[in-house]
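Here is a short note to read beside the model. Please keep the structure open and find each part as it comes up.

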Amino acid sequence: MSEPLITLDKLRRGIRARVESVDWAILEEADRIRLRQFGFDEGVTVEQMHQGPFGADPVAIKVGRMTVAIRRSHARAIKVSTAA
């Protein structure tokens with residue numbers, strides 16, 4: 001049984017997940033480039049480390065050994081599954 005996909009902004013802190021897809025079409029070109037440089041791509045393991053107060057921006061995401069801060073709107077473009 002597979003886990004339902006959620007968007008990265010909905011991932012609870014401390015839970016590791018696998019990036020299943022990224023909706024590159026809804027992002028600006030500069031944002032697409034930046035997220036790819038950070039390593040966001042299908043198959044990558046990510047974990048939410050922190051988020052802004054009251055669920056606001058930014059969201060700190062661990063990608064590999066690096067932690068990056070991205071906007072919540074960008075995290076909504078990334079679908080993840082929590083199945084290990």
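1. One term comes first. A residue is buried when its relative accessible area is under 20%, and exposed when that area is over 50%. Keep in mind that this is a predicted model.

2. Is Ser-81 buried or exposed? Ser-81 has 7% relative accessibility, so it counts as buried. This residue lies in strand S6.

3. Now look at what surrounds Ser-81. Its side chain makes a polar contact with the side chain of Glu-20, at 2.6 Å. Leaving out residues up to four places away in sequence, Ser-81 touches Leu-5, Ala-17, Arg-18 and Glu-20.

4. Next, the sheet. Six strands form an open sheet with antiparallel pairing. Their order is S1-S6-S2-S3-S4-S5. Strand S1 (6–7) and S5 are the edge strands, each pairing on one side only. S2 and S6 pair over four bridges, in the antiparallel sense. Val-22 stands opposite Ile-78 in S6.

5. Then the helix. Helix H1, residues 29–38, lies across S4 and S5. H1 runs at about 160 degrees to S5.

6. Which residues have the most contacts inside the largest nonpolar core? They are Leu-8, Phe-40, Val-46, Ile-61, Ile-70, Ile-78 and Val-80, in a core of 19 residues. Strands S2 (16–22), S4 (59–63), S5 (66–70) and S6 (78–81) each give two or more residues to this core.

7. Finally, find Phe-40. Setting aside neighbours within four places in sequence, Phe-40 is in contact with several residues, among them Leu-8, Trp-24, Leu-35 and Val-46. Its contacts also include Ile-61, Val-63, Val-68, Ile-70 and Ile-78.

Note on methods: Residues are numbered from 1 along each chain as its sequence is written. This is a predicted model: local features need pLDDT of at least 70, side-chain atom pairs count only at pLDDT 80 or more; totals for chains, interfaces and linings use all residues. Side-chain values use heavy atoms; hydrogens and water are left out. A nonpolar core is a set of buried Ala, Val, Leu, Ile, Met, Phe, Trp, Tyr and Cys residues joined through side-chain atoms within 4.5 Å. Buried means under 20% relative accessible area, exposed over 50%, partly exposed in between (1.4 Å probe, protein chains only). Contact means heavy atoms within 4.5 Å. A polar contact is a pair of N or O atoms within 3.5 Å; within protein, one must be able to donate a hydrogen and the other to accept it, and residues adjacent in sequence count only if both atoms are side-chain atoms. Two strands pair if DSSP finds at least two bridges between them. Axes are lines fitted to C-alpha atoms, for helices over the stretch in contact, and angles run from 0 to 180 degrees between N-to-C directions.
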